Amino acid sequence: MPARVNAVAYFRIVDPKAAIVQVENYMNATLQIAQTTLRSVLGQHVLDELLSERDKINTILQSIIDEATSPWGIKVSVVEVKDVEIPSTCSARMARQAEAERERRAKVNLRRGRVPGVPSG
């Protein structure tokens, strides 16, 4: 299922001549690289990772985009995934999965003679 992701990339021009000569429109080119990289990197991660390892994913995105835009005299300093919207059907499915996992763990604990919240001793 598709998710809607909002992200921001902060960059600065470190070589104005390269930014003008190397690409026709450095703003548009940087935007295109950022969007393509975002789709590519997020497509390699499961939703759970996107939600729980956002800092790691931000670092990966920043590194890839910075490397791609460096020849244009652009320095990408920060990339941050700001918001992840998942369809309501997907979120309901995730809630059911989480509940099933909690029930499974409770059954395992009961079989082992453990009661959740009560220290075994």
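What share of the contacts in the chain with a separation of 6 or more comes from residues 24 or more positions apart? I looked this up and found 70%. I took contact to mean heavy atoms within 4.5 Å.

**Ground rules.** I worked on a predicted model, in which local features need pLDDT of at least 70 and side-chain atom pairs count only at pLDDT 80 or more, while totals for chains, interfaces and linings use all residues. Residues are numbered from 1 along each chain as its sequence is written, and side-chain values use heavy atoms, with hydrogens and water left out.

**Overall layout.** I counted five helices and two strands in the chain. Helices (H or I, at least four residues) and strands (E, at least two) are DSSP runs, numbered from the N terminus. Read from the N terminus, the order is β-α-α-α-α-β-α.

I then looked up burial. Buried means under 20% relative accessible area, exposed over 50%, and partly exposed in between, with a 1.4 Å probe and protein chains only. Of the 121 residues, 23% count as buried. The accessible surface of the chain is about 8,600 Å², and carbon and sulfur atoms hold 52% of that surface. These areas come from the Shrake-Rupley method with a 1.4 Å probe; for residues, only the protein chains shown count as cover.

At the start of helix 2, I noted a side-chain oxygen of Asn25 within 3.1 Å of the backbone nitrogen of Met27. Further along, the buried residues include Ala29, Thr30, Ala34 and Leu38. What do the buried residues of helix 2 pack against? I listed strand 1 (4-13), helix 3 (47-52), helix 4 (54-69) and strand 2 (74-85).

**Thr69.** I went to helix 4 next, where Thr69 lies. Is Thr69 buried or exposed? Thr69 counts as buried because its relative accessibility is 0%. A polar atom of its side chain lies 2.9 Å from the backbone oxygen of Ile65. Leaving aside neighbours within four places in sequence, Thr69 is in contact with Thr30, Ile33, Ile74 and Val76.

**Salt bridges.** Side chains of opposite charge can pair when their charged atoms come close. I used this cut-off: a side-chain nitrogen of Lys or Arg within 4 Å of a carboxyl oxygen of Asp or Glu. How many salt bridges does a search of the whole structure find? The search finds five, and I wrote down three of them, as follows.

- Lys56 and Glu53 meet at 3.4 Å, N to O. Lys56 is partly exposed at 45%, and Glu53 is partly exposed at 30%.
- Lys75 pairs with Asp66, with the closest N and O atoms 3.1 Å apart. Lys75 counts as partly exposed at 30%, whereas Asp66 counts as buried at 14%.
- Arg102 pairs with Glu99, with the closest N and O atoms 2.8 Å apart. Arg102 is partly exposed at 44%, and Glu99 is partly exposed at 35%.

I checked where the last pair sits. Arg102 and Glu99 are three residues apart in helix 5 (residues 88-111), so about one helical turn separates them. An α-helix has 3.6 residues a turn, so residues three or four places apart point the same way.

Notes. A polar contact is a pair of N or O atoms within 3.5 Å; within protein, one must be able to donate a hydrogen and the other to accept it, and residues adjacent in sequence count only if both atoms are side-chain atoms.
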